[in-house]
Structure formats: structure tokens, C-alpha cells
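Thanks, everyone, for making the time this morning.

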Amino acid sequence: DYGGPKAQIHYAGRDTPEFFCDTMEMFNLYLKPEQARSVRALFVQDMARADWERPRGHWVDARSAWYVVGSRRHGPMGPTIASFAHEADATRFAAEYGGKVYRFADITPDMVVLDGGALHDRSM
């Protein structure tokens, strides 16, 4: 029901995946040191193929995807991490909307804070 890239985690011993309305939320949970459940697979949407406003399908392996952190595009919870199957698509997105291109292993916990940018808002 919300725009922006979605994600899912498939845990061992569970038949159904856990879905996330935002890639930022998935990374925030997955990268927590206390996350001890065994993960079978992670998927994100290829936003080069999915419609940003109404994303459906186009799932790719999250560990092999490319990501843009810090773009001007937002998801349902504010700043998000755009996901792509191919580096060239991530690079094009970053050129148009800003941000920096990363691999899965390069995403760190400090990049996935779920405050929606409120901690950096100096206008309040």
C-alpha cells in the first residue's frame, strides 16, 4: 500500500516470510547484534523494474543486490535504501536522485536508523 522498495526475510523453520514495508526496516532488524534467528534468504525489490509508487514483485536476492543510500526518494517511513539487481541501474538512480551506491555487505547499522531523519532536523 506504500511506495518505495519492500523487503522480506525467510527464517529457518518458518514457512512464511516476514515482509517489510521498507528496505530500511529490514536492514535495521537484520543488522542488529541481537538478531539470532537463522536466516535462509533475504529478498528486496529491483526498483529499476518495480513502480516506485506501487511496487509489486520483481524480487531479487538481497545479498547480491546493489543499494543507494542517501537519495532524495523516500519510502513509507521517510529516508529509504533503494535496491537494484544491477549496479548500472543503481548508479543511474544515484545520478538522478542523489546518494551513494553500496553492496549488501557494506550497509552498516548506522546507515539504517529508523528515526525518519528526525534526529537531524534542526528546525524544531
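Predicted model: local features only at pLDDT ≥ 70, side-chain atom pairs only at ≥ 80, totals over all residues.

Let me begin with Arg73, which is buried at a relative accessible area of 18%, where buried means under 20% relative accessible area, exposed over 50% and partly exposed in between, with a 1.4 Å probe and protein chains only. Residues are numbered from 1 along each chain as its sequence is written, and side-chain values use heavy atoms, with hydrogens and water left out.

What does Arg73 form a salt bridge with? The partner is Glu53, with the closest N and O atoms 3.1 Å apart, a salt bridge being a side-chain nitrogen of Lys or Arg within 4 Å of a carboxyl oxygen of Asp or Glu. Because Arg73 lies in strand E5 and Glu53 in the loop between E3 and E4, the pair ties together parts that are 20 residues apart in sequence; helices (H or I, at least four residues) and strands (E, at least two) are DSSP runs, numbered from the N terminus. Glu53, for its part, counts as exposed at 51% relative accessibility.

By this rule the count comes to four salt bridges. Another of them joins the side chains of Arg92 and Asp89 at 2.4 Å, N to O, and both residues lie in helix H2 (residues 87-97), three residues apart, or about one turn of the helix. Here Arg92 is exposed at 52% relative accessibility, whereas Asp89 is buried at 17%. Salt bridges that share partners also join Arg14, Glu18 and Arg37 into one network, and within it the side chains of Arg14 and Glu18 meet at 3.8 Å, N to O.

Now to strand E5 itself, residues 66-75, which is largely enclosed by the rest of the structure, because seven of its 10 residues are buried. E5 runs antiparallel to E6, with six bridges joining them, and two strands are said to pair if DSSP finds at least two bridges between them. A hairpin connects E5 to E6 through two residues, and Gly75 stands opposite Gly78 in E6. E5 also pairs with strand E7 (residues 100-103), again in the antiparallel sense, over four bridges, with Tyr67 and Tyr102 as bridge partners.

In E6, residues 78-84, I would point to Ser83, which is buried at 0% relative accessibility. Its side chain reaches the backbone oxygen of Gln45 at 2.5 Å, which falls under the polar contact rule: a pair of N or O atoms within 3.5 Å where, within protein, one must be able to donate a hydrogen and the other to accept it, and residues adjacent in sequence count only if both atoms are side-chain atoms.

Finally, where is Asp46 found? Asp46 sits in the loop between E3 and E4, and it is buried yet has no salt bridge, the nearest side chain of opposite charge being Arg49, 4.8 Å away; in that comparison Lys and Arg count as positive and Asp and Glu as negative, while His and the chain ends are not counted. The side chain of Asp46 does reach the backbone nitrogen of Ala48 at 3.1 Å.
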